[in-house]
Amino acid sequence: MPEREGNLEALGSLIQGFGVLADPMNIAYMFIGITLGVLIGVLPGLGGANGVAILLPLTFSMSPTSAIIMLSCIYWGALFGGAITSVLFNIPGEPWSVATTFDGHPMAQKGHAGEALTAAFTSSFFGAFVAVLLITFLAPVIAGFALRFGPAEFFAVQLLTFCSFVGMGSESPFKVLCAMMLGFALAAVGLDSVTGELRMTFGSVELLRGFDFLIAVIGLFGIGEILLTMEEGLAFKGKAAKINAKVVWETWKSLPRYWVTAIRGSIVGCWMGITPGGATPASFMSYGLAKRFSKNRQNFGNGEMEGVVAPETAAHAAGTSALLPMLTLGIPGSPTAAVLLGGLLIWGLQPGPLLFIEQKEFVWGLIASMYLGNIAGLIVVLTTVPVFASILRIPFSIIAPVIVVICAVGAYTVHNAFLDIVMMLVFGVVGYVFKKLSYPLAPLVLALVLGDMAESSFRQAMLVSQGDLAIFWSNPLVGSIVTLALVMLFWPVISALLRKRQSRQDGGTQVIPVK
Amino acid sequence: MEHGTQNSDPVVSNRTMEIVVAGLFALVAVVVMADSVRVGNGWGSDGPKAGYFPFYVGLIMLVSSLATLAVNIWRHSGERTAFVEKHQLALVLQVLVPSVVFVVLTAFLGIYLSAVLFIAFFMHWVGKYPLKTILPVSILVPAGLFVMFEIWFLVPLPKGPVETMFGY
C-alpha cells in the first residue's frame, strides 16, 4: 500500500523535524517570534505581512531553520493577536478578524471578555492544528506529484492562483486584474534575466535593481494602514480583559459543543488557504455558514460563542494552510506566505517540490515548529492578554510616529538603500488610495513576488511548444488546471449569467432559454 | 457616515477619484506596452523576446482599467460619496507630511536623530503632550533601535554627522 507507506514516511520525517527543535535556541526564537507576532497583530499599521517583512533582514545572520521558525511564529502570533483587538476594542487588528468582532465584542460588552478570548484562541489553535495535520500528510504527496511538473504545469498552477483572485474576490474583477497586472509590471522592471535586456528602467540606475516586494509590502500594508487609521480618528476605548484559569477551564468545558462548527470552519479555512482565497473571506464564509445552520442563529451578533468559534477556526486554518502551496509548489497562498517565500529565496532555498528532497531537515523542522509554535502561541496569548490590551491603550499619536520609524528602518535594511525608504512612502500613499477604492492589495503583492517565476515558466513552456498555446491543453493534467483557471477567471460573468437565468425562472415568466 | 459638521465637506468625490486612478492605470499600461514593444514583444531567434510577457501584462491592464473607467464615467452613483472629507484629509496630511520630512531628514542627519525629531514633533503637535512625556519616548525608541541594529544585530542604518562624532 503505497499510500500507507507515504503516511508512515511523513510521520518519520516529522519526528526528525521535532529533533531539529530540540535545540533550546530554536525554542527561544519560537517564543520571541510569538510574542513579537502578537504585538504586531495588536498594533495598527503592523500586520503579519509587513511585520515579517520588517524583521526579515534581522534574521539573515541566523541559520535558515531558526530564522524560518522565528518568522513563521511571528505569523502565528499575528494571527492570534488580531482576535485580541476584535474582542476587546471592536477594532479588527487584522482583516481576517473582522468577523470575530460580530460576536466577540458583544460578549466582551456583557462582561464575558475572558470567555470570548479563550474561545477565540482555542478555536484558532484548533483551526491551525487541522491545517498543520493537512500539511504534514498532504505536502509530501503534492511535492512528489509536482516533481513531474514541467514549465507548462507550473505556469498552469500559477495561472490558477491568479485567476482565483478574480473568481473569489469580492472586489470588481477589473480592479483585481488591474492591481495584479501592476504587480507583474513592477516585477518586470529591471534586468531581464533571460535576454539580459533592460526593461522599463528608462535610463535610471536606481531602477536597475527593480522593485523589491518587501518594500512594497511595508509601504502598502504599513504606511497605508497608518494613514487609514489616522483618517478614522481612532480612539481606543476597550473593555478590560480578565482571564484566569477558572474562566479558561469553564470555557474549555463548553467548547466541545461546537465541534461541528469548528470542523466546518477548519475545512472552509483549509480550502480557502490552499486556493488563495485567503483568511479573510474564509472567516466570513465560516461565520455565514455557522449562522445559517446554528440552532441559536437568532442570537448571532449579540454575543454567541459559536459566532467566535466559526470565524477564528477558519481564519487560522486558512492562514496556516496558505503555507502548503508555498512549500510544495513555491506558490504562496497569502501575502504573508509570500513574504516568507521571499525569505526562503534570500537564504538560497528554492521553495517547490525539490525542497522536500534537498532540504528535508529544514522542511520538517518548519512543519514540526508549526505544531509547537501553535501550542506556544496558545500559552503566550492566554497568559499575556492584559499586557497586550494595555499596549493598545497607548495613544495613537505616540504609536503612529514610532511605527513609521520602524517601517522606515525595515525598508532601509532590505538593501541598505535610501531610495527604498522614499519608495516605501510612495507605496504607502498607493496603498491608502487602493484601500479606499477597494483595489485589492494581495494580488498585487503576489504578482510582484511570483512575476519572474510565472514569466520564466511561461517562456519555457512557449519555448517547448515554439509559441503554440496548445501546450496548455497538451495533457489531461495541465489541460484541466488551465480550464479550471479560466472558469475562475470568468466566474464573475458565469455567475451573473446563472443568476439571471435563475431569476427569470423564479419570476414565473415563461421564458425558455433557447440559446 | 453622518458627519453634520461644516468641516467635513468632501474634498474629492469617489467617482472623480475612480476615474483618476483608472486613468493612471491606463497610462502605466501604455508605458508598459510601449517599453515592451521597444525591447521586442515578438519571437526572437532564441525564443520569446524580453517584451513578450510584459506586453500582454500591459494589454490586460489597459483593457481592465478602461473598463473601470467606462463604468465610472457611465455611472454617477459615486458622485455623492466622498473619497475623502476635508477633516479626514487634514488628519492624513498630519501624519504624511511629517513622515515625508522625516525621510528627507534621514538623508542628512541619519535615521536615529531624524527619528528623535520626528517622534518629538509629532507627539507635541498632534498629541499635545508635555515635555516630560515627549522626551523619554522620543529618545528611548531610537536609542533602543540603535542598540538593536548597530550593536546587537550589526545591521548598519543610515547615520549622520552626530553619530560620526561619537565614533560610529
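Let's start inside chain A, at Ala179(A), which sits in helix α8, the stretch covering residues 173–188 of that chain. Bear in mind as we go that this is a predicted model. Is Ala179(A) buried or exposed? With 26 other C-beta atoms within 10 Å, Ala179(A) is buried, because the cut-off for that label is 20 or more. Looking past its neighbours within four places in sequence, you'll find Ala179(A) in contact with Phe434(A), Tyr439(A), Pro440(A), Pro443(A) and Leu444(A).

Ser438(A) has 14 C-beta neighbours inside 10 Å, so it counts as partly exposed.

Met200(A) belongs to the loop between β2 (198–199) and α9 (213–231) of chain A. This one is buried, though, because 23 other C-beta atoms lie within 10 Å of its own.

Now for the place where the two chains meet. How many residues does each chain bring to the contact? Chain B supplies 51 residues and chain A supplies 48. On the chain B side, the elements giving two or more residues are α1 (14–39), β3 (47–48), α2 (52–74), α3 (86–109), α4 (111–125) and α5 (131–152). The top contributor is α3(B), with 12 residues. Sort this side of chain B by class and you get 38 nonpolar, 10 polar and 3 charged residues.

Chain B itself splits into domain 1 (11–84) and domain 2 (87–165). The centres of those two domains, taken over C-alpha atoms, are 37 Å apart.

An unreviewed UniProt entry annotates residues 12–33, 53–74, 95–122 and 134–155 of chain B as "transmembrane region". Residues 134–155 of chain B are 86% helix and 0% strand, with end C-alpha atoms 27 Å apart. Over residues 95–122 of chain B, the chain is 96% helix and 0% strand, and the end C-alpha atoms are 8 Å apart.

Conventions:
Residues are numbered from 1 along each chain as its sequence is written. Chains are lettered from A and ligands numbered from 1 in the order in which they are written. This is a predicted model: local features need pLDDT of at least 70, side-chain atom pairs count only at pLDDT 80 or more; totals for chains, interfaces and linings use all residues. Two residues are in contact if their C-beta atoms, placed from the backbone, lie within 7 Å. Helices (H or I, at least four residues) and strands (E, at least two) are DSSP runs, numbered from the N terminus. Ala, Val, Leu, Ile, Met, Phe, Trp, Tyr, Cys and Pro count as nonpolar, Asp, Glu, Lys and Arg as charged, and the others, Gly among them, as polar. UniProt positions are given in the numbering used here, feature names are shortened, and annotations may be inferred rather than shown by experiment. A residue is buried if 20 or more other C-beta atoms lie within 10 Å of its own, exposed if 12 or fewer, and partly exposed in between; C-beta atoms are placed from the backbone. Domain bounds come from an automatic or database domain assignment.
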